Amino acid sequence: MTLLLSIGEFARVSHMSVKALHHYDEIGLLKPADVDQWSGHRRYSSAQVPVAHVIRRFRDLDMSLEQIRLVLVLRTSPVETG
């Protein structure tokens with residue numbers, strides 16, 4: 001079962017700041033699962049926690065956000081064989 005977490009809750013479980021999560025949303029690196037149409041409040045899926053942990057680890061290794069984006073894109077792209 002996937003739970004939706006407020007940005008504050010997600011920040012705590014992912015060990016990221018709310019400010020970083022706002023920035024990652026703005027640049028399209030880690031978009032929230034849901035944004036309330038009226039209030040603009042972001043909610044993240046509990047299934048996004050592992051991705052947030054990967055981003056955090058790569059940032060700890062001083063990888064640029066563009067490098068991280070490339071890794072995440074390659075991670076979700078189908079692998080061609082043949």
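Start by selecting H1: here Ile7, Phe10, Ala11 and Ser14 are buried (under 20% relative accessible area, with exposed meaning over 50% and partly exposed in between, using a 1.4 Å probe and protein chains only). Because these residues cover an arc of only 105 degrees around the axis, they sit on the same side of H1; the arc is that of the directions from the helix axis to the C-beta atoms. Helices here are DSSP runs (H or I, at least four residues), as are strands (E, at least two), and both are numbered from the N terminus.

A word on what you have open: this is a predicted model, where local features need pLDDT of at least 70 and side-chain atom pairs count only at pLDDT 80 or more, while totals for chains, interfaces and linings use all residues. Residues are numbered from 1 along each chain as its sequence is written, and side-chain values use heavy atoms, with hydrogens and water left out.

**Zoom out.** The protein has four helices and three strands, running β-α-α-β-β-α-α from the N terminus on. Its C-alpha trace spans about 45 × 30 × 20 Å along the principal axes. Buried residues make up 29% of the 82 residues.

**Back to H1.** What covers its buried residues? The cover includes S1, H2, S3 and helix H3 (49-60). H1 also lies across S1 and S3, at about 95 degrees to S1. That goes by contacts (heavy atoms within 4.5 Å) and by axes, which are lines fitted to C-alpha atoms, for helices over the stretch in contact, with angles from 0 to 180 degrees between N-to-C directions. Just after H1, click His15, which takes a positive phi of about 60 degrees.

**Select Phe10 and Tyr44.** The structure holds one aromatic pair. Phe10 and Tyr44 form it, and they are stacked, at 4.4 Å centre to centre with 15 degrees between the planes. (Rings of Phe, Tyr and Trp, the last by its six-membered ring, pair if their centres lie within 6.5 Å; planes under 30 degrees apart count as stacked, over 60 as edge-to-face and the rest as tilted.) The pair links distant parts of the chain, with Phe10 in helix H1 (residues 7-14) and Tyr44 in strand S3 (residues 42-45), 34 residues apart. Phe10 is buried at 0% relative accessible area, and Tyr44 is buried at 0% too.

**Now the sheet.** Show the three strands: they form an open sheet in the order S1-S3-S2, with antiparallel pairing (two strands pair if DSSP finds at least two bridges between them). The edge strands are S1 (4-6) and S2 (34-35), each pairing on one side only. Two bridges join S2 to S3, and Val35 stands opposite Arg42 in S3.

**Stop at Arg42.** Buried or exposed? At 18% relative accessibility, Arg42 counts as buried. Its side chain makes a polar contact of 2.6 Å with that of His22. (Such a contact is a pair of N or O atoms within 3.5 Å; within protein, one must be able to donate a hydrogen and the other to accept it, and residues adjacent in sequence count only if both atoms are side-chain atoms.) Not counting residues up to four places away in sequence, Arg42 touches Leu5, Ser6, Ile7, His22, Asp25, Pro32, Asp34 and Val35.

**Finish on H2.** In helix H2 (residues 18-26), select Ala20, Leu21, Tyr24 and Asp25, which are buried. They cover an arc of only 140 degrees around the axis, so they lie on the same side of H2.
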